[in-house]
Amino acid sequence: MEPVGYWPGVLFNHLNDSASIVRHGGFVVKTSRGSFPPMGNGHLPQTDDYFKTAFMSQMKYIDEARVWLDIDPRSTEIKKSAPMDCYDIKFAGNLGEYWGMTMVYGGPGGPTCG
């Protein structure tokens with residue numbers, strides 16, 4: 001497991017005061033051969049074995065008082081724009097102390113995923 005996802009404040013100086021929304025997920029770009037590439041580990045997300053899927057865990061945000069907070073599952077929305085056999089995303093919720101708030105995502109891609 002490799003921690004990713006911290007971006008220094010100097011990269012986002014337009015967010016010095018606050019943000020109104022936080023988004024997590026993925027984005028792919030069609031290759032020159034006309035096919036959409038895999039996302040994550042290339043498999044559709046599943047919640048049976050987190051080592052067989054791409055995931056983000058310990059998902060938190062910092063509020064106006066600079067306090068780290070867990071994502072609130074009641075205010076979490078899942079939005080998808082690609083066919084589910086190409087890419088998918090699932091919010092798994094709080095999986096305990098080690099995993100925390102977790103989402104799984106990814107998919108195989110393909111020529112008809114746009």
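Guide: Phe-12 belongs to the segment that precedes β1 (54-56); strands (E, at least two residues) and helices (H or I, at least four) are DSSP runs, numbered from the N terminus. The model is a predicted one, in which local features need pLDDT of at least 70 and side-chain atom pairs count only at pLDDT 80 or more, while totals for chains, interfaces and linings use all residues. Residues are numbered from 1 along each chain as its sequence is written, and side-chain values use heavy atoms, with hydrogens and water left out.

Phe-12 is partly exposed, its relative accessible area being 33%; buried means under 20%, exposed over 50%, and partly exposed in between (1.4 Å probe, protein chains only). Together with Val-10 and Leu-11, Phe-12 forms a nonpolar surface patch of about 310 Å² of accessible area. Such areas come from the Shrake-Rupley method with a 1.4 Å probe, and for residues only the protein chains shown count as cover. A patch is made of residues with over 30% relative accessible area and no salt bridge, where nonpolar side chains (Val, Leu, Ile, Met, Phe, Trp, Tyr) are joined within 5 Å and like charges within 9 Å.

The segment before β1 also holds Thr-53, which is buried at a relative accessible area of 5%. Apart from neighbours within four places in sequence, the contacts of Thr-53 (heavy atoms within 4.5 Å) are Asn-41, Leu-44, Pro-45, Gln-46, Val-104 and Tyr-105.

Next comes β1 itself, where Met-56 is found. Met-56 is partly exposed, with a relative accessible area of 23%. With neighbours within four places again set aside, Met-56 touches His-24, Gly-25, Met-101, Thr-102, Met-103 and Tyr-105. Between Met-56 and Val-104 there are 48 residues of separation in sequence, but 6.5 Å in space from C-alpha to C-alpha.

What is the order of the strands in the sheet that contains β1? The open sheet has three strands in the order β1-β5-β4, with antiparallel pairing; two strands pair if DSSP finds at least two bridges between them. Its edge strands are β1 and β4 (88-94), each of which pairs on one side only. From one strand to the next, the twist averages 20 degrees, with axes fitted as lines to C-alpha atoms (for helices, over the stretch in contact) and angles running from 0 to 180 degrees between N-to-C directions.

Six bridges join β4 to β5 (residues 101-106) in the antiparallel sense. Asp-88 has Gly-106 of β5 as its bridge partner, and Asn-94 has Met-101 of β5. The hairpin of these two strands has six residues between them, and Gly-96 takes a positive phi near 105 degrees there.

Gln-58 counts as partly exposed at 34% relative accessibility. Its phi is near 55 degrees, a positive value in a residue other than glycine. Most residues other than glycine have a negative phi.

One links Asp-70 with Lys-60, the closest N and O atoms being 2.8 Å apart. Asp-70 lies in strand β3 (residues 68-70) and Lys-60 in β2, so this pair ties together parts that are ten residues apart in sequence. Asp-70 is partly exposed at 36%, and Lys-60 is partly exposed at 34%. Another salt bridge joins Asp-72 and Arg-74, with closest N and O atoms 3.0 Å apart. Here Asp-72 is partly exposed at 28%, whereas Arg-74 is exposed at 76%.

Finally, the whole protein may be set around this part. It has five strands and zero helices. Of its 114 residues, 24% count as buried. Among contacts with a separation of 6 or more, 61% come from residues 24 or more positions apart. The protein exposes about 8600 Å², of which carbon and sulfur atoms supply 54%.

Technical notes. A salt bridge is a side-chain nitrogen of Lys or Arg within 4 Å of a carboxyl oxygen of Asp or Glu.
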